[in-house]
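Have the sequence and the 3D view open while reading.

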Amino acid sequence: MRSQSMQVCVEIAFNAWCLKKMTKLQGHQLKLQYAQQTAWKMYCVALNNKSTPQQNLSCVWTEKTFQTEAFSSGREKNLHLPPAGVDTGALRKEFLSDMISGIESRFFEGPENKGKNPKYSLTDLDNENFRTVGEIIAVSLAQGGPSPAFFKEWCYNFLCSGEVDFSCLSKEDVADVESSLLISKVEDAADIQSLMMWADEIVSCGYTNQIKMDSKESMIRAIVLHSTTRLIPMLQQLRKGMELYGLVNLMAVNPEACHSLFVPGKILKPDADFIMMSCQPHFSEKGTSRERTERKIINFLQDFLQEIEASEKTSETFSNITDGNTGGAGGEKSESLAVQHVLQWMTGQSHVPILPDEKRHFKVTCKFDHECKERLGDHSICYPVVSACTCTVTFPVQHLDTYTEFKTIMSAAVRYGGGFHRV
């Protein structure tokens with residue numbers, strides 16, 4: 001029987017994710033208080049298996065969510081998370097940010113910034129993982145983001161209508177590596193002998209006519225239809241999960257209004273300018289040496305963000321070249337520091353606020369600690385202290401004399417300081 005409400009399920013998954021953020025000492029303290037709780041057991045499994053947060057989150061969400069009767073009893077309208085005005089904590093923001101990011105890398109494939117398709121996985125389909133993905137997407141949008149702006153156009157149209165317009169499908173809608181490479185091989189075949197080398201693969205895509213040079217377009221068309229239409233069951237299950245909160249109905253009635261939330265192009269990623277415009281430094285008295293030092297640190301922050309942004313663009317250009325050489329299918333990339341990581345470190349969210357009112361009031365407060373050595377004694381290094389729930393960053397002034405020091409300390413803080421340890 002499905003006996004729990006969706007709200008309880010979300011809280012269980014959220015609590016387990018919070019445990020992943022804790023140190024082992026904090027986890028031990030929690031164990032003494034809540035030794036029998038499911039969340040604690042999931043935390044222990046995560047530590048022992050050393051699996052990724054997204055894998056564990058999906059496991060927790062799936063195990064608990066599908067025990068609910070929300071979908072079978074039609075009580076979706078009565079199920080909700082606390083509104084943003086009640087819960088403004090960074091933990092919940094970062095929870096959804098990590099979930100959407102993990103969903104994109106785990107369940108979707110395709111080149112960056114050009115839209116992605118669901119991965120063809122009958123195992124995930126059988127385990128109803130795509131339904132879980134749809135539910136998480138609905139919850140994330142209901143809480144103000146982040147939005148899953150990584151779908152290809154044809155996938156979004158299917159989510160809105162429940163049908164596929166086959167006439168609009170083209171080879172640009174293919175995202176898996178195997179089909180992309182086969183299309184390239186057919187296009188590049190110079191004679192019938194080279195084309196016959198791929199006859200088995202072409203026939204397995206549903207092409208039943210004679211293989212000959214002047215039938216290349218028909219073969220490519222068969223490959224495109226094979227690559228895309230086999231994903232319909234995944235999209236159907238995804239759409240079923242997105243029925244939560246009436247999201248599918250809303251998309252069907254207002255497809256143009258919801259378009260930018262799912263298809264890349266309209267939702268802007270955070271950049272250096274966005275963070276700097278959001279920063280509100282609390283400077284010392286004007287004209288003092290402290291004020292000059294504080295302004296220098298803010299300049300260091302701007303240089304740091306711009307350097308990361310320039311590095312991102314270089315990496316993206318290299319990635320596009322690589323994708324082009326592999327038929328346009330994007331692969332996994334090594335994790336490097338990005339502007340959105342800095343924003344998530346500061347505030348708990350890695351996206352520009354979607355809601356206009358939230359975006360208008362989005363601010364990051366910058367404070368400056370001039371007395372860490374007097375307070376802590378002689379020491380060689382301090383790191384910035386972040387209160388993500390209040391979007392406040394405190395910079396240790398005495399350790400940031402040069403840009404080199406600032407870059408080294410900030411890079412380490414953003415990379416390794418994502419845990420909520422100051423509790």
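## Rings, charges and a helix pair

R106 lies over the face of F107, at 4.4 Å from the ring centre. The model described here is predicted. A second ring also has a charge above it: the charged end of R295 sits over F283. The two cases are listed below.

| Charged residue | Ring | Distance to ring centre |
|---|---|---|
| R106 | F107 | 4.4 Å |
| R295 | F283 | 4.2 Å |

A pair of aromatic rings is described by the distance of the centres and the angle of the planes. The structure holds 13 aromatic pairs. One of them joins F107 and F130, with 5.7 Å from centre to centre and 65° between the planes. Because planes over 60 degrees apart count as edge-to-face, the pair of F107 and F130 is edge-to-face. F107 belongs to helix α6 (residues 90-107) and F130 to helix α8 (residues 129-142), so the pair links distant parts of the chain, 23 residues apart. Are F107 and F130 buried or exposed? Both are buried.

F283 is part of one aromatic cluster, together with F300, F304, F368, F395, Y403 and F406.

Elsewhere, helix α10 (residues 177-188) packs against helix α13 (residues 216-229). Their axes are 10 Å apart, and the angle is about 180°. The two helices α10 and α13 are therefore roughly antiparallel to each other. On the α10 side, S179, L182, I183, V186 and E187 make the contact; on the α13 side, K216, M219, I220, I223, V224 and S227 do. By class, this contact of α10 with α13 has seven nonpolar, two polar and two charged residues.

How values were computed:
Residues are numbered from 1 along each chain as its sequence is written. This is a predicted model: local features need pLDDT of at least 70, side-chain atom pairs count only at pLDDT 80 or more; totals for chains, interfaces and linings use all residues. Side-chain values use heavy atoms; hydrogens and water are left out. Rings of Phe, Tyr and Trp (its six-membered ring) pair if their centres lie within 6.5 Å; planes under 30 degrees apart count as stacked, over 60 as edge-to-face and the rest as tilted. Helices (H or I, at least four residues) and strands (E, at least two) are DSSP runs, numbered from the N terminus. Buried means under 20% relative accessible area, exposed over 50%, partly exposed in between (1.4 Å probe, protein chains only). A charge sits over a ring if NZ of Lys or CZ of Arg is within 6 Å of the ring centre and within 35 degrees of the ring normal. Axes are lines fitted to C-alpha atoms, for helices over the stretch in contact, and angles run from 0 to 180 degrees between N-to-C directions. Angles under 35 degrees count as roughly parallel, over 145 as roughly antiparallel, 65 to 115 as roughly perpendicular and the rest as oblique. Contact means heavy atoms within 4.5 Å. Ala, Val, Leu, Ile, Met, Phe, Trp, Tyr, Cys and Pro count as nonpolar, Asp, Glu, Lys and Arg as charged, and the others, Gly among them, as polar.
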